[in-house]
Amino acid sequence: MLMIKTALFTGIFAATALAAVDPVVVTINNRAIHLDEFTKRYDDAKKLLNPPSNKKAFLEDLVRYEVGVQEAEHKNIAKDPIIAERIRQQLYVGLIEKELSSKINDIKISDSEMREYYKSSPEIKSSHILIEIKPNATEAERATAKKRAEEILSEVKSSKRPFEELVNLYTDDLSTKKRGGDIGYQTRISIVAPYYDAVSKMKVGDISGLIESKYGFHIAKLTGKHSFEESDKGQIKAALFERKRLALFNDYFDKLKKKYKITTNSDIVK
């Protein structure tokens, strides 16, 4: 009997001691928020752009948050199709953060990798004449634009006028017209791929043939090319980081998809 009373007393004492160490700050129905949890959430909130003014204000925000969540659960808000889709999106984001964030944070970019990348992806300076094609153009309108572009290209190739003058006569790109078509220094990730791929292979002073992009037909002149030493190393690092991040992402999902039965009817996607 004495042992039972002693054990009971010990249990009560331990529970009292625990409550003293981590007391309850607030209880909403059966949801108790202890001081440790409150402190952690308050410290996390202080890292935001608009942190709480003080702990008392944060406590009121926390009470409103918990009341709101419990009310949403009571009303089965999670079953609303829009809310359900948002929850699915957050689950996806949570999975990516849990599975890949540490690997992404460990990505390293070496100087030798940057130099190797730059061999095929230099910073280039160019000017262009744009013969625009509207996004909703018909096939007939596209054909008309191409015919006009070919005529302008023939004029550019045979003319003794400076390229800048020809830009002023023919380009549809009003944003660069007054600069002689100059679009400044660009990288592989800052301009459309067909344009970059064509112009980056040219020599300074060369004029291209027709280059088709989603904007229309370009006639480009390469006016400059930075050496690696002159290049923006930050942009090179960013491009390589994105390449490695994408490789991690693709590898993860290539392996993950093998666990699922996936049937795709791609023929109906136009």
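**Ground rules.** I am working with a predicted model, in which local features need pLDDT of at least 70 and side-chain atom pairs count only at pLDDT 80 or more, while totals for chains, interfaces and linings use all residues. Residues are numbered from 1 along each chain as its sequence is written, and side-chain values use heavy atoms, with hydrogens and water left out.

**Sheet.** I looked up the strand order and found an open sheet of four strands, S4-S3-S6-S5, with antiparallel pairing; strands are DSSP runs of E with at least two residues, helices are runs of H or I with at least four, and both are numbered from the N terminus. Two strands pair if DSSP finds at least two bridges between them. I noted S4 (182-186) and S5 as the edge strands, each pairing on one side only. On average, neighbouring strands are turned by 35° against each other, direction ignored, where axes are lines fitted to C-alpha atoms, for helices over the stretch in contact, and angles run from 0 to 180 degrees between N-to-C directions. Between S3 (residues 124-132) and S6, which run antiparallel, I find nine bridges.

**Lys 221.** I placed this residue in S6 (residues 216-225), where Lys 221 is the bridge partner of Ser 127. Beyond its neighbours within four places in sequence, Lys 221 is in contact (heavy atoms within 4.5 Å) with residues including Lys 125, Phe 163 and Asp 206.

**Ser 208.** I then turned to S5 (residues 207-213), which holds Ser 208. With a relative accessibility of 6%, Ser 208 counts as buried; buried means under 20% relative accessible area, exposed over 50% and partly exposed in between, with a 1.4 Å probe and protein chains only.

**Helix H5.** In H5 (residues 111-120) I find Met 114, Tyr 117 and Tyr 118 buried. Down the axis of H5 the buried residues fall within an arc of 100°, so they line one face of the helix, the arc being that of the directions from the helix axis to the C-beta atoms. Ser 112, Glu 116 and Lys 119, on the other side of H5, are exposed.

**H5 against H10.** The cover over the buried residues of H5 includes H10 (233-256). The two axes come within 10 Å and cross at roughly 90°, and H5 and H10 are therefore roughly perpendicular, a label for angles of 65 to 115 degrees. Among the residues making this contact I list Tyr 117 of H5 and Leu 240 of H10.

Note on methods. Parallel < 35°, antiparallel > 145°, perpendicular 65-115°, else oblique.
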